[in-house]
Amino acid sequence: MTAPGADRALLVKVRSRTAIAVRRRTQHLLDGEYGSIHRGRSMDFEDLRDYVVGDDVKDIDWKATARSGRPLVKRNVAERRHGVLFVVDSGRSMAAMADATCSKRDVVVLATGLIGQLAMRHGDSIGLVVGPTSGPLGGSTGIAHVPFGRGEAHLEQILRTIHSTIDLDGSMSDLDGLLDHVARQFRRRLIVVVLADDIDLDSGHLRRIRRLCAQHEVLYCAVGDMAITEPALASQPLRHVEGHRIPAFFRDRPRLHADLQQVAAERRRRLRAALTECGAASTGLSGADTTVSSVFELLERQRLAVAEARR
């Protein structure tokens, strides 16, 4: 018999982590929403909601605002119903550590769970494309799907699929193949949330992302590795180097650690600039403690960009 709550185990973990990590500056966004990917306005009135930063002032219902004493925005059917597609790189590198307490897989589950909860509050359907998947002998078997759906059970299914697919013994990443698959298979305009390894994107990657941006609203999350100078790594064996430990000369080197952090920050800046040029909003995810704030900052940038495009 399944233990009570076991069918929501990963979602419960996401919620507990979110409650711990969310700060006052982001709490109001939990009751807000991300920007609408639809241009123009529908005439099919749905309901009213509180005004949030980035909303078009033309959508404010001034009579309802006067009655309630707070700014209210008309929400229309076209704005309310979106499809949110999570596109997850499940290559073996995504099972590495993101910080001293959690793996990159954990970060992906947390970010997906957080955005998925917002999508459910927004009335949207969510789906998943993850790949490459691995066969019984370790070979790649392509890409797996979870079809669009709604509800907590569906979100839990997506989180479990991500968790079970990313493994140190899995296949190598194939970001090009994953992006090509999404571009071929999904024609209806969607919000596409890409969660992938933090790599230097070459011209081929950027060309594919630009193609996706022409079809969809793209949010790109690059999940970074823990720095090899991190003190917690000094005594940890690393499987991808066949059990060898981090060399001793990396330990207790604060200057080297600071230099590597500066290099990583510059890489993230270049990555964000390249993705912005393609038309994608982006962020870097570097650990569980910062993932929630990074996701909200990403959604806020996307909301403002959509509001600017609608003017």
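**Helix packing and a few well-placed residues**

With a relative accessibility of 0%, alanine 119 counts as buried (buried means under 20% relative accessible area, exposed over 50% and partly exposed in between, using a 1.4 Å probe and protein chains only). This residue belongs to helix α5. Its C-alpha atom lies 9.8 Å from that of glycine 151, although alanine 119 and glycine 151 are 32 residues apart in sequence. The model is a predicted one, in which local features need pLDDT of at least 70 and side-chain atom pairs count only at pLDDT 80 or more, while totals for chains, interfaces and linings use all residues. Residues are numbered from 1 along each chain as its sequence is written, and side-chain values use heavy atoms, with hydrogens and water left out.

Now for the chain as a whole. It holds ten helices and eight strands; here helices (H or I, at least four residues) and strands (E, at least two) are DSSP runs numbered from the N terminus. Of the 311 residues in the chain, 49% are buried. Contact means heavy atoms within 4.5 Å. Taking the contacts between residues at least 6 apart in sequence, 78% join residues at least 24 apart.

Next come the helix pairs. Two packed helices are described by the angle between their axes and the distance between the axes. The axes are lines fitted to C-alpha atoms, for helices over the stretch in contact, and the angles run from 0 to 180 degrees between N-to-C directions. Helix α5 (residues 104-121) packs with helix α6 (residues 152-165) at an angle of about 160 degrees, and their axes are 10 Å apart. The two are therefore roughly antiparallel (angles under 35 degrees count as roughly parallel, over 145 as roughly antiparallel, 65 to 115 as roughly perpendicular and the rest as oblique). The crossing of α5 past α6 is right-handed; a crossing is left-handed if the near helix is turned anticlockwise from the far one by less than a right angle, and right-handed if clockwise. On the α5 side, the residues that meet α6 include Val108, Val109 and Met120, and their partners in α6 include Leu155, Ile158 and Ile162. Sorted by class, this contact has seven nonpolar, five polar and two charged residues (Ala, Val, Leu, Ile, Met, Phe, Trp, Tyr, Cys and Pro count as nonpolar, Asp, Glu, Lys and Arg as charged, and the others, Gly among them, as polar).

Helix α7 (residues 175-185) and helix α8 (residues 203-215) pack at about 20 degrees, with axes 10 Å apart. That makes α7 roughly parallel to α8. Here α7 passes α8 in a left-handed crossing. Among the residues that meet are Leu175, Asp176 and Arg184 in α7, and Arg208, Ile209 and Leu212 in α8. This contact divides into six nonpolar, three polar and five charged residues.

Helix α8 also packs with helix α9 (residues 254-278), at an angle of about 45 degrees and with axes 8 Å apart. These two helices are therefore oblique to each other. Leu206, Ile209, Arg210 and Cys213 of α8 make the contact with Ala274, Leu275 and Cys278 of α9. By class, that comes to six nonpolar, no polar and one charged.

Aspartate 99 sits in the loop between β3 (83-89) and α5, and at 14% relative accessibility it counts as buried. Leaving aside neighbours within four places in sequence, aspartate 99 is in contact with Met226, Ser286, Gly287, Ala288 and Asp289. Its C-alpha atom is 8.9 Å from that of glycine 224, which is 125 residues apart from it along the chain.

Leucine 48, by contrast, is partly exposed, with a relative accessible area of 34%. This leucine is placed in strand β1 (residues 45-50). Not counting residues up to four places away in sequence, leucine 48 touches Asp61, Ala64, Leu72, Val73 and Lys74. Finally, strand β4 (residues 125-134) contains proline 132, and the peptide bond from glycine 131 to proline 132 is cis, with omega near 0 degrees.
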